[in-house]
Amino acid sequence: FKDQYVKTIASQLEEIQKLCRPLGFELYLENAPMGGEHYFEPGRADLYPALRTPRHLLEIAENTGVRLCFDTANACITSNVLTYMHRSRSMFAGATEQEITHATNNWVDFYQQIQHHVGLVRLSYAHSWGDTKTTHHIPFPPSAYGELIEFAERIREETPVILLGEHLEEMIQTLHQLKKS
């Protein structure tokens, strides 16, 4: 199912790119989370199994030339969920055994695997499943400053970083404080 899904996405993106290029638009594909609105449940139409792991995102980017928008909060959720599944040996949220056993340890490792195809970063944090407004796309808590600093050391200088959402001021203040440290 996922292999066919990846091929379908790649085909659709190639068609969309044909429209975008002459107009000077660049197309970005964002990594999706596991959980929240995209949780795999019977009867739900929103399932994006190929857009949540480095393996599938790389395959799509390499086959289409589409750049990736790396959402750090979504990658945090995926890494947390797949790490939990690996420890508990449970399979849900449409995850395969291969996704679980080859999961990245954290969102920074997720970025490192796809960084050469990333054209834009959406910087925010997520706790656990990140399925509420208070746990997804939130400011980095002090306990995650180490991850944020590690990410800052790895990010390519030419990659734009955006901060969006209602916590924008708080996130900017955090970044300024970390820069002074």
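Trainee: Let's start with Glu-15: buried, partly exposed or exposed?

Mentor: Glu-15 counts as partly exposed, because its relative accessibility is 45%. Keep in mind that this is a predicted model.

Trainee: Which residue does Glu-15 form a salt bridge with?

Mentor: Its partner is Lys-18, and the closest N and O atoms are 3.1 Å apart.

Trainee: What about Lys-18, buried or exposed?

Mentor: Lys-18 counts as exposed, because its relative accessibility is 54% and the cut-off for exposed is over 50%.

Trainee: How many salt bridges does the count come to?

Mentor: The count comes to six salt bridges. One of them joins the side chains of Arg-122 and Asp-71, at 3.7 Å from N to O. That pair links distant parts of the chain, with Arg-122 in strand β3 (residues 118–122) and Asp-71 in strand β2 (residues 67–71), 51 residues apart.

Trainee: Are Arg-122 and Asp-71 buried or exposed?

Mentor: Both Arg-122 and Asp-71 are buried.

Trainee: Okay, what does Asp-109 form a salt bridge with?

Mentor: Asp-109 pairs with Arg-154, with 3.4 Å between the closest N and O atoms.

Trainee: Which residues are joined with them into one network?

Mentor: Salt bridges with shared partners join Asp-109, Glu-150 and Arg-154 into one network. Asp-109 is partly exposed, with a relative accessible area of 23%. Arg-154 is partly exposed too, at 27%.

Trainee: Changing topic to helix packing. How are two packed helices described?

Mentor: Two packed helices are described by the angle between their axes and the distance between the axes.

Trainee: Then what are the angle and distance for α1 and α2?

Mentor: They pack at an angle of about 40 degrees, with their axes 9 Å apart. The two helices are therefore oblique to each other. The crossing of α1 and α2 is right-handed.

Trainee: Which residues make that contact?

Mentor: From α1, they include Val-6, Ile-9, Ala-10, Leu-13 and Arg-21. From α2, they include Arg-55, His-56, Glu-59 and Ile-60. By class, the contact of α1 with α2 has five nonpolar, four polar and six charged residues.

Trainee: And α2 with α5, at what angle do their axes cross?

Mentor: The axes of α2 (residues 54–64) and α5 (residues 107–114) cross at roughly 25 degrees and come within 10 Å. That makes α2 roughly parallel to α5. α2 passes α5 in a right-handed crossing.

Trainee: Which residues meet there?

Mentor: Pro-54, Leu-57 and Leu-58 of α2 meet Phe-110, Gln-113 and Ile-114 of α5. Sorted by class, the contact of α2 with α5 has five nonpolar residues, one polar and no charged ones.

Trainee: Phe-110 is in that set, so what about Thr-78, which residues does Thr-78 touch?

Mentor: Leaving out residues up to four places away in sequence, Thr-78 touches Ala-32, Pro-33, Met-34, Arg-52 and Phe-110. Thr-78 itself lies in helix α3, residues 72–88. Thr-78 is buried, with a relative accessible area of 2%.

Trainee: Where does Ser-124 lie?

Mentor: Ser-124 lies in the loop between β3 and β4, the latter being residues 125–126. Ser-124 is buried, with a relative accessible area of 1%. Not counting residues up to four places away in sequence, its contacts include Asp-71, Thr-72, His-137, Phe-140 and Met-171.

Trainee: Zooming out, how many helices and strands does the chain have?

Mentor: The secondary structure comes to seven helices and six strands. From the N terminus on, the elements run α-β-α-β-α-α-α-β-β-β-α-β-α.

Trainee: What share of the chain do buried residues make up?

Mentor: Buried residues make up 45% of the 181 residues.

Trainee: Last one: of the contacts between residues at least 6 apart in sequence, what share join residues at least 24 apart?

Mentor: That share is 73%.

How values were computed: Residues are numbered from 1 along each chain as its sequence is written. This is a predicted model: local features need pLDDT of at least 70, side-chain atom pairs count only at pLDDT 80 or more; totals for chains, interfaces and linings use all residues. Side-chain values use heavy atoms; hydrogens and water are left out. Axes are lines fitted to C-alpha atoms, for helices over the stretch in contact, and angles run from 0 to 180 degrees between N-to-C directions. Helices (H or I, at least four residues) and strands (E, at least two) are DSSP runs, numbered from the N terminus. Angles under 35 degrees count as roughly parallel, over 145 as roughly antiparallel, 65 to 115 as roughly perpendicular and the rest as oblique. A crossing is left-handed if the near helix is turned anticlockwise from the far one by less than a right angle, and right-handed if clockwise. Contact means heavy atoms within 4.5 Å. Ala, Val, Leu, Ile, Met, Phe, Trp, Tyr, Cys and Pro count as nonpolar, Asp, Glu, Lys and Arg as charged, and the others, Gly among them, as polar. A salt bridge is a side-chain nitrogen of Lys or Arg within 4 Å of a carboxyl oxygen of Asp or Glu. Buried means under 20% relative accessible area, exposed over 50%, partly exposed in between (1.4 Å probe, protein chains only).
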